[in-house]
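Subject: The model we talked about

Hello,

Here is the structure I promised to send over. Please open it next to this message, and my notes on what turned up in it follow below.

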Amino acid sequence: MKNINKERRRFIQKSSLALSSTIFSKWLSANPAVIKNHKNYQFKADVEIEIIARSANIQILKSGPTTRVQKFYANLLKGPKNSLQHLKGNYLGPILNFTQGQKVRIYFKNQLSEASIIHWHGLHVPQASDGHPMYSIPEQQQYIYEFEVLNRAGTSFYHSHSHQLTAEQVYYGLAGLIIVTDEYEKKLELPDGEYDLPLVIQDRQFNQRNQLLYSNHMPVRMTGFLGDNILVNGKPNIEFNVKSRAYRFRALNGSNSRIYKLAWDDGEPLIAIGTDAGLLERPVTKPYIMLAPGERVDLWLDFSGMDLNTERKLISLPFSGAMPPMMEMHQGRKSKMGMHGMMMNSNLAHGEQFSIARFKISVKTSNSPRLPDKLVTFNRFSENMIDNANKPIPMGISMQPMKPQLNKRSFQMYDVTDFETVELGSYKKISIFHDHGQQSERQGRGGMMGKGMMGKGMMFSMAHPIHMHGQQFQILSRKMEGMRKAAYETVKDGFIDSGWKDTVLVMPGEEIEVIKPFQDYKGLFLYHCHNLEHEDLGMMRQFKIV
Ligand code: C2O
Ligand code: CU
Ligand code: CU
């Protein structure tokens, strides 16, 4: 008990230090972050799960010592048995299987030696169950989440969301998949059971003793941490033994900053049936699919007609624009010396080609489900549903030295601007764009790069995956301007804009307009860059729904 109190005090000190004292006192009375550790007896849960975060030793690499990780363990206290799907010997948390309409209560127990909180990325839940960092709990404490599953069928994921600890905690293992199903999906008879598999893609670095390496150095954090070892579902060099039939693979980019350009190695196009937390209206065929941190894509991988023991590889194709131009140049040379070494942080450059997973036909069958022409129906959002068509909510991306920001502001626990305040029930147009303007002017005149050639804005221009909590949005338009058109050419055919999104990759020079609904719950809901190093550096803001 004494110990808990001491920890609690330390935590409170730490969190109040993180806020400027004026803002803290101004908001403390208005917005007390009530750590929810009592259950609401009125809330009749269909599913009750206990999730424990603690450190563990897991055999990740095939030989040698186990790796120290942080891991979500879970026990099902109430509800259908398949609500939890444990992945044996894995640092990833179990897969949570929910059905639309279910009421879920989760007891989160923090047994780490630092603060933590879980966010259900993709789920539309009340503020108090959304894992806002204000609810971060110290070690040995408990947080109780209660929410109804309002989402339609789709793939989401849960991960830690403790401010300034998110990147590290996710990297060390605190993440897992969430699968939601509903009535409409069941009627489609999509591949299920052993034919519906996760494809969680993450990059990691290991040292000689098989321990995870992570770097907190500012140059690394400014571009994002990259690993040189590609793990799928928590394993390196993964090979799936498949039957010669169609499968559903739920791909999630769970990496801190690496973007993937998914493709078949034999040049066959990829087929997607879903995007972030939702099925598409109809399947989409793409030569390749861009998958940025936080994004999901439901893939229809069809091995029909392939011969026994033949193989197919899912790879990431080369592309550019993920990094600032100067660093891409250095990456190209693969130099790790001197200044370059400081800026680069991985042997596997961002945008380089590599293999992700191999699929080997181990059973021949002629019995395969057919790809449906139509999947689900949903309303397309249009400009006449919104009241701010000519005045979109801005999300300006900028990179100040050591400070990636949104609208030239950094995250403050309770800080909300006027334009971040939206009415409950409204639909808003949001414009996400690169806002390096002023910087590049100033830099252009007196600066080192010379005007018109490469202003500072452009020097720092890189791709950012922008994520918004709450309900999924729809993409209205994309515009590409600016100097990095050549980079854009390498990625532009890989975006799926016809489905639900909660995370969208914004390439350098790109402006994306979306329409987002703000229904059901009042309160504070975050939006941020899902490059987790950027998020922790403060590239995060929030909406206040009133
Ligand atoms: Cu997946 Cu606020 O994050
Ligand atoms: Cu989220
Ligand atoms: Cu970013």
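Two strands are said to pair if DSSP finds at least two bridges between them. Helices (H or I, at least four residues) and strands (E, at least two) are DSSP runs, numbered from the N terminus. With that in hand, E22 and E23 pair in the antiparallel sense over four bridges, and Gln-400 stands opposite Lys-403 in E23.

Some housekeeping: this is a predicted model, in which local features need pLDDT of at least 70 and side-chain atom pairs count only at pLDDT 80 or more, while totals for chains, interfaces and linings use all residues. Residues are numbered from 1 along each chain as its sequence is written, chains are lettered from A and ligands numbered from 1 in the order in which they are written, and side-chain values use heavy atoms, with hydrogens and water left out.

Back to the hairpin. Two residues lie between strands E22 and E23, and Met-402 takes a positive phi near 65° there. Most residues other than glycine have a negative phi. Met-402 counts as exposed, at 52% relative accessibility; the classes are buried (under 20% relative accessible area), exposed (over 50%) and partly exposed in between, with a 1.4 Å probe and protein chains only. In E22, by contrast, seven of the eight residues are buried. E22 also pairs with strand E25 (residues 426-434), in the parallel sense over five bridges, and Met-395 stands opposite Ile-432 in E25.

Gln-140 has a positive phi too, of about 75°, although it is not a glycine. Gln-140 sits in the loop between strand E6 (118-121) and strand E7 (142-148) and is partly exposed at 46% relative accessibility.

Now the metal. Which residues coordinate the copper ion (ligand 3)? They are His-464 (ND1), Cys-529 (SG) and His-534 (ND1), at 2.0 to 2.1 Å. Donors here are N, O and S atoms within 2.8 Å of the metal (3.2 Å for Na, K and Ca), and water is not among the atoms, so the site may look incomplete. Along the chain the donors follow the spacing H-x64-C-x4-H. His-464 in strand E26 (residues 464-468) and Cys-529 in strand E30 (residues 523-529) are 65 residues apart, so this pair links distant parts of the chain. His-464 is buried, with a relative accessible area of 0%, and Cys-529 is buried, also at 0%.

As for the whole, the protein chain has 11 helices and 31 strands, and buried residues make up 60% of its 546 residues.

Best wishes
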